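Good morning, and thank you for coming.

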Amino acid sequence: MLAQAVGITEIIVVLLYLLVVVYLGFLGWKRTRSATDYLIAGREVHPFVMAMSYGATFISTSAIVGFGGVAGMFGMSCLWLTFFNIFVGIFVAFVFLGGPTRRLGHRLDSHTFPELLANRFESKFIQIFAGLVIFLFIPLYAAAVLIGGCAFIASQFGIDYEMALLVFSVIIAAYVIMGGLKGVMYSDALQGSIMFVGMLILLVWSYKMLGGVKEAHVALTEAGKGPSLFGGIGFQGWTSMPRFGWGVAESAKGPNPAAYNLWWIMISTITLGVGIGVLAQPQLAVRFMTVKSKKELNRAVLVGGVFILIMTGVAFTVGPLSNLFFLQKEVVEGTLVDVTGVGKSPAEFSWVIAKKERGINVKPDGTPINPAIGPDEKSLPCVLLHIDTDSNAEADTYLIYKGYGGAAAITPAAEIEGLEKGADPTPLVGQAVKVHPRATAYLRAIVKSVVKEEGEPERVVYECQTSKIIPAYIQGAMPKWFGLIFLVTLLSAAMSTLSSQFHAVGTSIGRDVYEQITGRHNKSIGITRTGIIIGILVAVLFSYYIRSGYIIARATAIFFGLCASAFLPAFIGGLFWKRMTKSGAIASMIVGFLITAFWLLFIKDKEARAIGFCYSLFEKHSLLLDKPNWSVVDPICVALPISIIVAVVVSLMTKPPSEAHLNKCFGK
Amino acid sequence: MLGIEDKAVLTAYLLCIASAILCVIYGLVNWNRGEEDIQPDDVKWAAEEKEIEEEL
């Protein structure tokens, strides 16, 4: 069945790719070509190999499909994140943190990030605490990577997301278990190179198709001037920043407390949360320790900067540009399988979910605001075209034909060739049609799924999903052969990142938690392996159950923000501030972690709603919901400054570390 | 410039390219700098890291 859906060429290409990766892994295993072997042998890793393998590890399907999709929805303001990725994630990290991390790690014989912090501050607690945080939260980030890959596979081959998840998880698990964890640099570097070429083609092709760089941007600016689904939260077009401010804004419809929310989402969560969080990523620190000298780091800066530009820079440019393609150029050809939503009453309309949040459609007295849709949905009433594009008699593409009432101004109005605009398309059911979707990227990315609420029968729903934007664009705008290249690109991006994530999951529970608690050193391999398997299972479960809205970006941001708030002051202080004490480090880690957790559970609306803890205690989705903007501010904006202050104040109040220990850490 | 009217977005677009160029220049200038002798603790670290890798 899979072979039928996917096609034999695709299967052969993927198998060939996997064979090459396995072969390189085997070579690496046989000839010992991991970074440590180079270090033991005192030889240098080629800077290209070093930077590509670093890049492949840190750029994943999450960045390309997830954040690329967010850029498709909210526009080029996402490029601020790319700037942070390059300037902070590469330049600052490699030039300023790389060398000291490597020296400190080697002097203190530390092999994981928690171990590095623990040895620097002479605290077992730090190692166990950091190990637990990593073990518990990396699966969330891994799930973001998995969702990105599966969304693309499902869209590209017209198979179910669940099927894609199954196949993808099996490939990843096999890769991870069969030695992907060893970080064999050549396979990572091959994966990085494939990603580089794939994204470069995507950029050049997109600009060329849309008439050139300047022309495409001008057209995109024009296209974004109409009313938008996100106008109420401050969206001002795909080439503009969202509206900036704080508090309640006056609008044509009266006071609007959400008018500046998008700016805070883009800057606090997307840009700062992820852009700063990268510095305290556990895998990054370990990577620095495997290089031979500062020279390798210096050389890697060159390749790394360009690599990240071509990865996230392209994703965050092509994402917004996809709007232009969907609005103006796309033609969907296929058989019109069904038309739903033609009618006069809300019960007859089709509803496409634009936003999914717990209790969003419920009045304070518990009755639904709109009885035609579910309690957790905010949907657009419309006529929906169900089109089969791959001739298997099943609809695979859903396009909004027209919206009803107030939604009509912001919903797409697809045009069917040969049919008068707005005329009832029902008579065309069963016939071949050519449709111009005339949709923005977000409203073009409609996915069908089945929901089951407690005590209710199963319902089929249609939902806009950000993670579908890039896949839909590749499928519609790019030639078929590119779909294959992009598939391998994404497999590469996912495999290299996931293997390093699961490596961190395994060592954190085995070496950092189990060994420290039991004191049984070098006896943790069984626990490490079990940890990896649990990590994979949890990530797959997450990917199965949660994938609405822009979950990929949010899950990534949660993990990165948490790492920054909990670990960054201790990490940076540990490297550069000799006066920093054990108590200072512990206090800052606990405070950073607790404030982040509190913020996610009780303040940040999206997360607090999804978890539901705040509601069960206070019957409110967020404690600051009635205060404008607060509920969209990312925890990093509050937790990181406080944890820095705590680190400094507590360190100055406590006894400095001994001279002997500092000599051990930093040399005389 | 480049068809992007919004100054903040244009700045981000240009800063991305500028920071990538900064990385290239830094890499070129320091291509042969930063050589460090391998210390005994480097070798010891690498040997243990390899053991951990082998176990996995």
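Let me begin with one residue, V540(A), which lies in helix α18 of chain A, residues 525–545. Helices here are DSSP runs of H or I with at least four residues, strands are runs of E with at least two, and both are numbered from the N terminus.

Before going further, a word on conventions. This is a predicted model, in which local features need pLDDT of at least 70 and side-chain atom pairs count only at pLDDT 80 or more, while totals for chains, interfaces and linings use all residues. Residues are numbered from 1 along each chain as its sequence is written, chains are lettered from A and ligands numbered from 1 in the order in which they are written, and side-chain values use heavy atoms, with hydrogens and water left out.

Which residues does V540(A) contact, leaving aside its neighbours within four places in sequence? They are L146(A), L165(A) and S169(A), where contact means heavy atoms within 4.5 Å. By comparison, L484(A) stands 56 residues from V540(A) along the chain, and their C-alpha atoms are separated by 24 Å.

I turn now to the domains. An automatic or database domain assignment gives the bounds: in chain A, domain 1 covers 2–325 + 478–666 and domain 2 covers 331–436. Taken over C-alpha atoms, the centres of these two domains of chain A are 35 Å apart. Between them, domain 1 and domain 2 of chain A bury about 880 Å², with 55% of that on carbon and sulfur atoms. Buried area is the accessible area (1.4 Å probe) that two parts lose on being put together, summed over both. Of the area that domain 1 of chain A buries against domain 2 of chain A, L229(A), K606(A) and R609(A) supply 49%, more than any other three residues. How many salt bridges are there between domain 1 and domain 2 of chain A? The count is zero, a salt bridge being a side-chain nitrogen of Lys or Arg within 4 Å of a carboxyl oxygen of Asp or Glu.

Finally, the two chains. Here 62 residues of chain A are in contact with 44 residues of chain B, and the chains bury about 4800 Å² between them, 64% of it on carbon and sulfur atoms. Chain A and chain B are joined by eight salt bridges. One of the salt bridges pairs R103(A) with D41(B), whose closest N and O atoms are 3.4 Å apart. To the side of chain A that touches chain B, α6(A) gives the most, with 14 residues.
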